Amino acid sequence: MREAHVNELVELLQLERLEDNLFRGQSRDIGTRFVFGGQVLGQALSAAQQTVDPSREAHSLHAYFLRAGDIDAPIVYSVERARDGGSFSSRRVVAIQHGQPILNGSISFQIPEKGFEHQTAMPEVPAPEDVEPMRPLPADELAKLPVKLQRWLGIDGPFEFRLVWPRDELHPVKRPPIQHIWFRLAAPISDSAVLHRALLAYASDFHLIGTATLPHGISYLTHNVQMASLDHALWFHRPFRVDEWLLYSFDSPTAQDGRGLARGQIFSRDGRLVASTAQEGLIRLRGE
């Protein structure tokens, strides 16, 4: 079943070319109310990559989520070829549904070159084999939730996650805004670095803004809390494979004015820092 979900996700990132700079993607219902933000990020990156010389690799992505995406409608990606320089290429991407933009993004590409290197050390955490897989909710607890949430929490998705510090999303307790999660694609895929980057863009949206909820004893399942991603930044540093274990290390330095900020560092198993992320999200307490 997991392999089927992986194949479905890989296909989801293979966009249909409508014109030179115009692409169309479909959506996958994974149990979220609207289109999963990571899907739009991965597809936007895939669209932009198709307008760039293959020798140039994506190194940064910056995006604003403008509207919730409709799961039942295709998404059109319009790519503007902003600049092709001697070493760098810049693209602007607009994701469109029903005539309205749902995401504005900028993506930069570079010809690989040698240069100075340093990085922060990977946190000392247990190996993924020493961390228990995520357990499904008990059937009686799952039955109390809306049907869409049951699908979100009850299926085996294309990624496997192992939380170093597990958390009960139904009964969250207050704790520091730091977490470490091992993850990998649930089945092997091809060696295409372009595909691995698109899949990492997809996965980078998991658990990120949730880190900002940890000090407050709430979660996305808390009935009177409204949460949504507002913007997303992703930097690629070094080669990686998403079908091998990666450590996603999160922290949240601040929350205020109905918004929370979260940051992430993604390490390969051997300790290389392969990517960094940042996201601000809406965390709004609604009236009863």
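User: Hi! Is Val94 buried, exposed or partly exposed?
Analyst: Val94 is partly exposed, at a relative accessible area of 27%. Here buried means under 20% relative accessible area, exposed means over 50%, and partly exposed is in between (1.4 Å probe, protein chains only). This is a predicted model: local features need pLDDT of at least 70, side-chain atom pairs count only at pLDDT 80 or more, and totals for chains, interfaces and linings use all residues. Residues are numbered from 1 along each chain as its sequence is written, and side-chain values use heavy atoms, with hydrogens and water left out.

User: Thanks. Which strand is Val94 found in, and what does Val94 touch?
Analyst: Val94 belongs to strand S5, residues 88–97. Helices (H or I, at least four residues) and strands (E, at least two) are DSSP runs, numbered from the N terminus. Not counting residues up to four places away in sequence, Val94 touches Val76, Tyr77, Ser78, Pro101, Leu103 and Asn104, where contact means heavy atoms within 4.5 Å.

User: New topic: what is the volume of the second largest pocket?
Analyst: About 820 Å³. Its lining has 25 residues, and Gln110, Glu113, Phe236, His237 and Arg238 lie nearest the centre. Strand S3 (57–65), H5 and strand S9 (225–236) are the elements giving two or more residues to that lining. On a 1 Å grid over the protein atoms alone, a pocket is an open set of points where a 1.4 Å probe fits, with protein on both sides within 12 Å along at least five of seven lines; lining residues have an atom within 4 Å of a point. Grid points are joined across faces, edges and corners, and the volume is the space filled by probe spheres set on the points.

User: And H5, how many of the 11 residues are buried there?
Analyst: Nine of the 11 residues in helix H5 (residues 193–203) are buried, so the helix is largely enclosed by the rest of the structure. Among them are Leu195, His196, Arg197 and Tyr202.

User: Nice. What about the phi of His98 and of His207?
Analyst: Both are positive in residues other than glycine: near 55 degrees for His98 and about 70 degrees for His207. His98 sits in the loop between S5 and strand S6 (100–110) and is exposed at 64%. His207 lies in the loop between H5 and S9 and is partly exposed at 26%.

User: Last one: is His5 buried or exposed?
Analyst: His5 counts as buried, at 15% relative accessibility. His5 is in helix H1, residues 2–12, and touches Arg28, Asp156, Gly157 and Pro158, leaving out residues up to four places away in sequence.
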